[in-house]
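The following questions and answers examine a protein structure step by step. Please consult the sequence and the structure while reading.

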Amino acid sequence: MKMESSASLSPLVLILFLSCFAVTATAAQTQWRPGFLYTRSRGRCTPQYWGSRKEAWPRMVPQTSTVAKVFGSRASERFRSDMTLLEATAQDEGVENVFNGLLKQTSAALINSYARKGFPYSAWEVKTLLIQALVSEEAAALQAKHFSIANEACN
């Protein structure tokens, strides 16, 4: 009786062993494509996304709102007074001006603060942090990076 049970177990053990080997071999082959199996859909909070008009903007910040009206007089001193938020989000990334990069990320962060539940910054914080970051290029670059990280992490 012991012979029969061990004889019936050996094909089962062999099948289990081969399936583990096949899974390991498949995983080894896909390692050259990092993130292929675990890719998450991101980008619904980036300036590029909001600039593409794929989704309706929140009513609190229409696309035609000017930077001067939304962020105040300090922002209008640094940027064109007639620039809209849509233009700010769609700015060319190749521009070397750190303040333009700050405005681009800040505009997306402001929209996200209204449109995305759980976004780490409130609208008031976004506006305040922009004004504070306008004091120097270093402050602008650092704040743009912080907003960029929040915008990229958001869904």
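Q: Which residues form a disulfide, with sulfur atoms 2.1 Å apart?
A: The model is a predicted one. A pair of cysteine sulfur atoms counts as a disulfide within 2.5 Å, and the structure holds one such link. The sulfur atoms in question lie 2.1 Å apart, and they belong to C45 and C154.

Q: How many residues apart in sequence are the parts that the pair of C45 and C154 ties together?
A: C45 is located in the loop between α1 (2–30) and α2 (47–51). C154 belongs to the segment after α8, so the parts tied together are separated in sequence by 109 residues.

Q: Is C45 buried or exposed?
A: A residue counts as buried when its relative accessible area is under 20%. The relative accessibility of C45 is 0%, so C45 is classed as buried.

Q: Is C154 buried or exposed?
A: The cut-off for a buried residue is again under 20%. C154 has a relative accessibility of 10%, and therefore it counts as buried.

Q: What is the direction of α7 relative to α8, roughly parallel or roughly antiparallel?
A: The axes of helix α7 (residues 123–133) and helix α8 (residues 137–153) come within 8 Å and cross at roughly 155°. Angles over 145 degrees count as roughly antiparallel. The direction of α7 relative to α8 is therefore roughly antiparallel.

Q: How many nonpolar residues does the contact of α7 with α8 have?
A: On the α7 side, the contact is made by V126, L129 and A133. On the α8 side, A139, A140, Q143 and F147 take part. By class, there are no charged residues and one polar residue, while the number of nonpolar residues is six.

Definitions and conventions. Residues numbered from 1 in each chain as written. Predicted model: local features only at pLDDT ≥ 70, side-chain atom pairs only at ≥ 80, totals over all residues. Heavy atoms only, no water. Axes fitted to C-alpha atoms, helices over the stretch in contact; angles between N-to-C directions. Helix = DSSP H or I, 4+ residues; strand = E, 2+ residues; numbered from the N terminus. Parallel < 35°, antiparallel > 145°, perpendicular 65-115°, else oblique. Contact = heavy atoms within 4.5 Å. Nonpolar A, V, L, I, M, F, W, Y, C, P; charged D, E, K, R; others polar. Buried < 20%, exposed > 50% of the residue type's maximum accessible area, 1.4 Å probe, protein only.
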